[in-house]
Amino acid sequence: MHQPLKGAIAGFGFIAERGHLPAYLAHPERFTITAVADLCPARRALAQRLIPGVRVYQQVDAMLASAQRDFDFIDIATPPSEHAAISHAAFDRGLHVLCEKPISTTDEDARSMLAHAAAARRVFFPSHNYRHAPVVKRVRELLDTGKVGKIHLVTLQTFRPTHAKGTAEWRPDWRRTRRYSGGGIAMDHASHSFYLAFDWLGGYPTSVTAHVEHRAGLDTEDGFSCTATFPSGTAIANLTWNAGVRKVMYSLHGEHGAIMVEDDEVQLALHGTGTVERSTAASDWMDASHVGWFATLQAEFLDAIRSDDYVGRQAIDALHSIELIQSAYVSARAGSREIALPAPASAPWVVRSMATG
Ligand SMILES: NC(=O)c1ccc[n+]([C@@H]2O[C@H](COP(=O)([O-])OP(=O)(O)OC[C@H]3O[C@@H](n4cnc5c(N)ncnc54)[C@H](O)[C@@H]3O)[C@@H](O)[C@H]2O)c1
């Protein structure tokens, strides 16, 4: 029998409290949270109330350097501007890392984080929780039946009436300040759209064209649309913080039909049959904590640690998501010019982790 893995949380804000922690506490056989670092005194006090015996720190560095350090991994849930530095400090101390999306605000940082994980022989795992939404799992099951055949077109629409808010006790609007967020809705949310598109189209894109909107006139964009070209087809993503409704709508078009998703509803339409199969997979889309999606994500992180899968497929998806976001911003600044993406095969950490693994 394995002992529970001990973990620390960096940044005890909205998603750590409402999404990550309940899933850890529901599985004491898997995890014990022993430490929390947060700049904000109210958040540290809350952590002490919610987590039995937890030690709290104001600074992540102090938590990592503490003589009482008693954890094997760090769960990074600060704003994105801090993710890279905390990951490097954790790898330097031999810790595994579970990191919220976007894993970094530049592709250079993302590459160096993955390379460091491989060199340190420690797991880097992104918090790609949309893969764990029941409705997304249903899409995967339908794809696996082979009924719609190979997918050549994916559309992903994410409608939000406002930007997501952080905890009221720190800076609830940090997503509108580039210094913390690295960008607007594309940096905040497009990772989810992109890792789903990578899965559904079975590869990584070769180029992107994009357009951004700044309707609120703030530091970061509130509307984003892009078309990414893949070897197998096309992904079109539209994301807005100015929508009239909160909703996700996805469509996947294949050789023999299509799968359509609208929040919890899934439709499978097949050419020539005239029938549409409808089903529902309750996914609690209106709850921004997505608390029900984290237990299986955290179990995958544990599996990666136990199988020495230091830089696995999801980490590489995270890197390519950041590359795509950055290249989309370049395209938008250049009047939606098509921008070529780096070839995925040149990833040095894959070779390195295989060579040392
Ligand atoms: N996967 C998802 O569905 C999902 C949902 C929401 C947020 N997120 C991600 O989680 C991260 C946090 O978002 P949030 O909405 O919880 O934000 P938040 O503002 O609610 O929480 C951030 C916390 O980090 C603390 N903090 C900030 N800088 C720090 C530092 N240098 N050291 C220690 N603590 C620090 C703040 O005091 C705050 O408590 C972001 O990367 C965001 O994109 C993911």
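Mentor: One term before we start: domain bounds come from an automatic or database domain assignment. Also, this is a predicted model, where local features need pLDDT of at least 70 and side-chain atom pairs count only at pLDDT 80 or more, while totals for chains, interfaces and linings use all residues. Residues are numbered from 1 along each chain as its sequence is written.

Trainee: OK, which domains does the assignment give?

Mentor: Domain 1 is 5-129 + 293-311 + 345-356, and domain 2 is 130-287 + 324-340. Their C-alpha centres lie 25 Å apart.

Trainee: And how many residues of domain 1 are in contact with domain 2?

Mentor: 19 residues of domain 1 are in contact with 19 residues of domain 2, where contact means that the C-beta atoms, placed from the backbone, lie within 7 Å. On the domain 1 side, α2 (41-50) and α9 (294-306) each supply at least two residues. Helices (H or I, at least four residues) and strands (E, at least two) are DSSP runs, numbered from the N terminus. By class, that side of domain 1 has nine nonpolar, seven polar and three charged residues. Here Ala, Val, Leu, Ile, Met, Phe, Trp, Tyr, Cys and Pro count as nonpolar, Asp, Glu, Lys and Arg as charged, and the others, Gly among them, as polar.

Trainee: Where does the ligand lie relative to domain 1 and domain 2?

Mentor: Both domains give residues to the shell around the ligand, so it lies between them. The shell has 28 residues, with Gly 11, Gly 13, Phe 14, Gly 166 and Thr 167 the closest. The shell splits into 14 nonpolar, eight polar and six charged residues.

Trainee: Switching to helices: at what angle do α8 and α10 pack?

Mentor: Helix α8 (residues 185-201) and helix α10 (residues 313-333) pack at about 120°, with axes 9 Å apart. The axes are lines fitted to C-alpha atoms, for helices over the stretch in contact, and angles run from 0 to 180 degrees between N-to-C directions. α8 and α10 are therefore oblique to each other: under 35 degrees counts as roughly parallel, over 145 as roughly antiparallel, 65 to 115 as roughly perpendicular and the rest as oblique.

Trainee: Which residues make that contact of α8 with α10?

Mentor: From α8, they include Ala 186, Phe 194 and Phe 198, and from α10, Leu 324, Ile 325 and Tyr 329 are among them. The residues of this contact divide into 11 nonpolar, three polar and one charged.

Trainee: What about α5 and α10, how do their axes cross?

Mentor: They come within 9 Å and cross at roughly 165°. That makes α5 roughly antiparallel to α10. Asp 107, Ala 110, Arg 111 and Leu 114 of α5 meet a set on α10 that includes Ala 315, Ile 322 and Glu 323. By class, the contact of α5 with α10 has six nonpolar, one polar and three charged residues.

Trainee: And α4 with α5, parallel or antiparallel?

Mentor: Roughly parallel. The axes of α4 (residues 83-92) and α5 (residues 107-120) come within 10 Å and cross at roughly 10°. Phe 91 of α4 and Met 113 of α5 are among the contact residues.

Trainee: Last one: which peptide bond is cis?

Mentor: The one from Lys 101 to Pro 102, with omega near -15°. Pro 102 is in the loop between β5 (96-99) and α5. Arg 121, in the loop between α5 and β6 (124-126), has phi near 55°, a positive value in a residue other than glycine.

Notes: Two residues are in contact if their C-beta atoms, placed from the backbone, lie within 7 Å. A residue is near a molecule or strand if its C-beta atom, placed from the backbone, lies within 6 Å of it.
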